[in-house]
Amino acid sequence: GTHKRILVIGAEKMSSLLDWTDRTTCVLFADGAGAVILEASEAEDSLESRGIHSTHLYANGKQREMLQTTGGISTTGESGVIEMQGREVFKYAVTYMADVVQETLQHNNITADQIDWLVPHQANIRIISGTAEKLGMSMDKVIVTVDHHGNTSAASIPLALDEAVRDGRIKKNDMLLVEAMGGGLTWGAALVRF
């Protein structure tokens, strides 16, 4: 309740963290930025009201070596490069994404067919389609931009939202399930009435 309106920005310059000789990472990541404005309102406590209805966030530092950078300003003094164990990340990503999405649905007492759009972190199409398949969701209800944006990390969801709003897929009052996974490993989801 301390602020009425906030700007949330996701911006990444992944190209500065890439080892350009490592074809397992350099072809996946991209630079990008996006933002959303969130505004507080006095709305009824109902899933029909617009806004964020729940968030579900997790981290497991024991899995950090699966997806991390070799540096850090506070540790090595340099940014380092991305290291990723692709197979392991894929396995956990599909499981964690499906689990956190199921948790979000159960928490809000809804089913996947009540979601207008799944807006996933744009890591790769196999993770996105694997998550949708585990949930029994048609890819027609999934926003996909990784094919032309690449994995822009923290910028991928704002970029996907922007594109889907601009092209008319996402409309006012649509129910969105937003989910992401990142290094460390970290993952989460949010249920949002747009």
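Strands β6 and β7 (residues 175-182) pair in the parallel sense over 4 bridges; two strands count as paired if DSSP finds at least two bridges between them. Strands (E, at least two residues) and helices (H or I, at least four) are DSSP runs, numbered from the N terminus. This is a predicted model, in which local features need pLDDT of at least 70 and side-chain atom pairs count only at pLDDT 80 or more, while totals for chains, interfaces and linings use all residues. Residues are numbered from 1 along each chain as its sequence is written, and side-chain values use heavy atoms, with hydrogens and water left out.

**The sheet and its helix**
- V119 stands opposite V178 in β7.
- The open sheet has 4 strands in the order β3-β8-β7-β6, with mixed pairing.
- At its edges are β3 (51-59) and β6 (117-120), each pairing on one side only.
- On average, neighbouring strands here are turned by 15 degrees against each other, direction ignored.
- Helix α1 (residues 86-107) lies across β3, β6, β7 and β8 (186-193), at about 145 degrees to β7. Angles run from 0 to 180 degrees between N-to-C directions, with axes fitted to C-alpha atoms, for helices over the stretch in contact.

**Salt bridges**
- The whole structure holds 6 salt bridges, each a side-chain nitrogen of Lys or Arg within 4 Å of a carboxyl oxygen of Asp or Glu.
- R193 and E48 meet in one of them (3.7 Å, N to O). R193 lies in strand β8 and E48 in the loop between β2 and β3, so this pair ties together parts 145 residues apart in sequence.
- R193 is buried at 11% relative accessible area, whereas E48 is exposed at 59%. Buried means under 20%, exposed over 50%, and partly exposed in between (1.4 Å probe, protein chains only).
- D162 and R166 form another salt bridge, their closest N and O atoms being 2.8 Å apart. Both belong to helix α4 (residues 156-166), 4 residues apart, so about one helical turn separates them.
- E163, D167 and R169 are linked in a network of salt bridges.

**Around L38**
- L38 is found in strand β2 (residues 31-39) and is partly exposed, at 33% relative accessibility.
- Not counting residues up to four places away in sequence, L38 touches K4, R5, I6, V8 and I52; contact means heavy atoms within 4.5 Å.
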